[in-house]
Amino acid sequence: MDFSVWTRELPELAADCLVLGVFEESELGAEGKAIDTASGGRLQKLLSRGDFPGRSGDTLLITDLPGVKATRVLLTGLGPRAGLTRRTWRKALASAAAALGRTRVASCAIALDRPPAKELDDYYFGRAVGEITAASVYRINDLKTGRKPPTPALKKVIAGPARKAQAVQRGLTEGAAIAAAMAVQRDLANLPPNVCTPSYIAEQARALGGGQPKLRVRVLDQAAIRRERMGCLLAVSQGSHEPPRFIVMEYSGGSKQQAPVVLVGKGVTFDSGGISLKDPGAMDEMKYDMSGAAAVIAALLLVASLRLPLNVVGLVAAVENMPDGKAVKPGDIATSAAGLTVEILNTDAEGRLILCDALHYARRFNPAVVIDMATLTGACVIALGHHHAGLMGNDEALQQELFEAGQRADDRCWRLPLTDDYAEQIKSNFADMANVGGRDGGAITAAAFLGKFTQGLKWAHLDIAGTAYTGGTTQKGSTGRPTPLLAEFLLRRAAR
Ligand code: BES
Ligand code: MN
Ligand code: ZN
């Protein structure tokens with residue numbers, strides 16, 4: 001898609017559609033008023049009939065407005081004027097973009113009233129437009145055989161008004177890059193688990209990284225994983241016919257001395273629970289249990305495509321968790337790469353088992369920080385629902401940085417208190433620790449387990465079980481989160 005900033009008078013702008021905001025009680029925004037004047041009051045006439053009250057989420061398409069060069073005008077509801085926030089503005093833009101997706105509009109000019117600059121400055125305005133419009137043309141990579149609906153027509157987006165056109169333009173470019181990274185994540189996560197296996201993820205990481213000169217991708221196969229003594233990862237994978245893969249992506253955009261940001265992703269391509277088998281209801285959604293892995297791959301592609309002056313390492317532990325005659329059993333004890341022994345009391349708590357070995361592997365890079373992303377616990381979904389990812393860790397500053405990145409990116413996370421108390425719950429009579437600590441505080445005891453492997457590192461953990469995908473039937477699909485959060489975190493680090 002092509003992104004630019006409009007500078008001409010709006011009525012003179014040649015585009016397939018102008019997107020204008022309307023506040024509740026049918027009140028036109030500033031740009032809308034200019035268009036109304038040019039059209040000889042036609043817009044106002046339409047509004048005074050009460051046909052478009054400007055409710056948030058509503059849109060109305062009008063064609064061939066006189067005095068206006070654009071062939072169509074799309075009105076989108078901004079809600080009450082007094083309540084115009086970044087969130088309501090984003091919603092109005094997303095609704096407009098979705099409505100455009102149902103037309104053959106190929107070029108549009110965005111001219112919505114914006115919330116005050118302290119909530120949405122020129123750069124973040126451009127970024128939101130880039131991200132939201134580019135993401136609006138994403139279509140699920142389904143395997144339906146019938147006639148496909150036509151691919152979205154939108155090719156060109158012109159945004160404004162801008163005080164600093166350059167800042168808007170940079171925002172547009174970076175926002176579109178974030179949407180592209182989200183699409184990579186979503187495509188991988190939406191694929192069925194018989195296609196998206198550990199080997200498939202590894203091949204994709206290789207292929208996607210192929211065109212990027214500063215990105216090196218290596219894949220450890222089962223034998224190499226054994227040589228790394230990743231006994232916990234192998235315990236999870238041993239019940240599956242799909243061999244495990246450990247993927248190492250190294251982007252060197254910074255100087256040699258610069259310590260890297262290491263990102264670690266949970267890549268369980270299907271989580272049946274293993275011998276501790278899950279309930280059948282919605283078990284198919286456990287194909288999304290590799291969303292953390294997909295987000296790591298997406299983040300590495302993003303930093304490479306934007307050529308950020310950073311060193312970033314992506315580590316992906318990819319396995320399938322299945323029951324089988326050879327599968328790991330409750331009571332089995334595995335030895336992690338760090339040398340600590342783990343009593344596996346529940347084979348469905350497999351994410352922490354693969355992550356502990358991946359986190360240990362991170363040490364060799366002498367990381368500045370380590371951030372893992374995982375659809376780790378149902379308990380996190382109970383605690384926070386689908387709005388915030390769970391944020392935990394052992395470093396105050398890093399957690400604050402991630403929290404703020406989430407706020408700015410509108411991809412939010414919320415801290416849970418990972419204090420020493422929780423480690424009590426994962427004590428074992430037979431090994432250094434158990435892999436589960438009971439139902440209470442389940443999201444935090446999972447993080448406490450990871451905490452045993454990250455001592456001396458600056459580490460944060462994002463539990464994305466509630467945010468990485470939408471379940472159910474009609475809306476089912478990957479959301480592309482936490483890629484916007486991670487992108488914001490990395491862009492800020494690059495700007496330091
Ligand atoms: N992948 C699941 C967590 C999950 C649950 C993600 C729901 C998305 C939606 C994870 O491997 C798991 O099974 N966790 C168990 C842990 C328990 C056995 C301690 C859980 O949350 O029930
Ligand atoms: Mn599980
Ligand atoms: Zn899982």
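**Ground rules.** I number residues from 1 along each chain as written, letter chains from A and number ligands from 1 in written order. The model is predicted, so I take local features at pLDDT of at least 70 and side-chain atom pairs at pLDDT 80 or more, while totals for chains, interfaces and linings use all residues; side-chain values use heavy atoms, without hydrogens or water.

**Manganese.** I looked up what holds the manganese ion (ligand 2): Asp271 (OD), Asp348 (O and OD) and Glu350 (OE), at 2.1 to 2.2 Å. Donors here are N, O and S atoms within 2.8 Å of the metal (3.2 Å for Na, K and Ca), and with water not among the atoms, sites may look incomplete. The angles among the six donor atoms run from 71 to 168 degrees, and the site is irregular. I checked the rule: tetrahedral needs four donors with all angles between 85 and 135 degrees; square planar (four) and octahedral (six) need opposite donors over 155 degrees apart and all others between 65 and 115; anything else is irregular.

**Bridge.** Asp271 also reaches the zinc ion (ligand 3), 3.2 Å from the manganese ion. Asp271 sits in strand E10, Glu350 in the loop between E13 and helix H10, 79 residues apart. I find both buried (under 20% relative accessible area, 1.4 Å probe, protein chains only; exposed is over 50%, partly exposed in between).

**Sheet.** I traced an open, mixed sheet in the order E12-E13-E17. E12 (333-335) and E17 (433-434) are edge strands with a single partner each, so one side of each lacks a neighbour in the sheet. Strands are DSSP runs of E, at least two residues; helices are H or I, at least four; both are numbered from the N terminus. E13 (341-343) pairs with E17 in parallel over two bridges, and pairing takes at least two DSSP bridges.
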